[in-house]
Amino acid sequence: MNEKKVTVIGLLGSPHRKGNTEQLLDRFLSGASDAGGLTEKVILVNLSYSSCKGCNACHVTGFCIMDDDIVRLYDRLLGADCVVTTSPIYTMGITTELKSFIDRAHYLWVRHYQLGEHVIAPEQKILRRGYFLSTAGMDMSDVFRTAFPMMKALFNILGFTYCANILARNMDGYGGIGGHPTALDDAYKAGFEAVKGIEEKIPCQGEEKRG
Ligand SMILES: Cc1cc2nc3c(=O)[nH]c(=O)nc-3n(C[C@H](O)[C@H](O)[C@H](O)COP(=O)(O)O)c2cc1C
């Protein structure tokens, strides 16, 4: 019997605690935990890290010269089965906290695409799952559009399959995430199914949920 629990790391990209985005993430992690997964929530705004300085030292060494919380977080993410990135939409994009975190993956991009190291083997990537959860105030159909290519890039660098988005727009109209008809339940189900799917070695379909 395989005793190893499925590990799920949720990254809160909102600097606002207990807001719409964190509530959505908490539902995903509850679903994952109820399915038997080992969950961890990382509050990016509480970590100590700088944005990428573009020094390009990693182009030679494959390592980042900054020794801080982000490098240790990336080490943990490389060993996780599932990652959930989250952000509210700020000025039509993701937050500074999440973008700075993503840029710091550049040394892993270098290792994979320039130094020819497989950070994660292709056969492992099939079962490793990445999800993106986001909230926005406005009721605009393409309000999340700029975030998708960034998540795709991050999941590619880290060797996760981009499984799904759980998106809740019109927070202003609904009076917050609690008023949204489906998002919290969708997040719970996605968390539950992520753990069960990984346990049962079912590759996700990579189907993105818009809405
Ligand atoms: C600085 C800032 C910029 C924002 N920009 C946008 C925006 O461009 N489009 C939008 O739909 N909502 C925007 N919002 C609203 C948030 O996306 C929305 O309220 C979100 O649910 C907040 O999530 P939180 O409670 O986790 O902080 C903005 C909010 C802030 C604080």
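Student: In which sense do strands S1 and S2 pair, and over how many bridges?

Tutor: This is a predicted model, where local features need pLDDT of at least 70, side-chain atom pairs count only at pLDDT 80 or more, and totals for chains, interfaces and linings use all residues. Residues are numbered from 1 along each chain as its sequence is written. Strands pair if DSSP finds at least two bridges between them. S1 (residues 7-12) and S2 (residues 38-43) run parallel over 6 bridges. Val-8 faces Thr-39 in S2.

Student: Which unit do S1, H1 and S2 make?

Tutor: They form a right-handed β-α-β unit. Helices (H or I, at least four residues) and strands (E, at least two) are DSSP runs, numbered from the N terminus.

Student: At what angle do H1 and H9 pack?

Tutor: Axes are lines fitted to C-alpha atoms, for helices over the stretch in contact; angles run from 0 to 180 degrees between N-to-C directions. H1 (residues 20-34) and H9 (residues 183-199) pack at about 35°, with axes 6 Å apart. Contact means C-beta atoms, placed from the backbone, within 7 Å. The contact includes Leu-24 and Phe-28 of H1 and Ala-187 and Tyr-188 of H9.

Student: How many residues surround the ligand?

Tutor: A residue is near a molecule if its C-beta atom, placed from the backbone, lies within 6 Å of it. Here 17 residues surround the ligand, and the closest are Gly-19, Thr-21, Pro-88, Gly-137 and Met-138. H1 gives the most to this shell, with 3 residues.

Technical notes:
Contact = placed C-beta atoms within 7 Å. Right-handed = clockwise from strand over helix to strand, strands pointing away.
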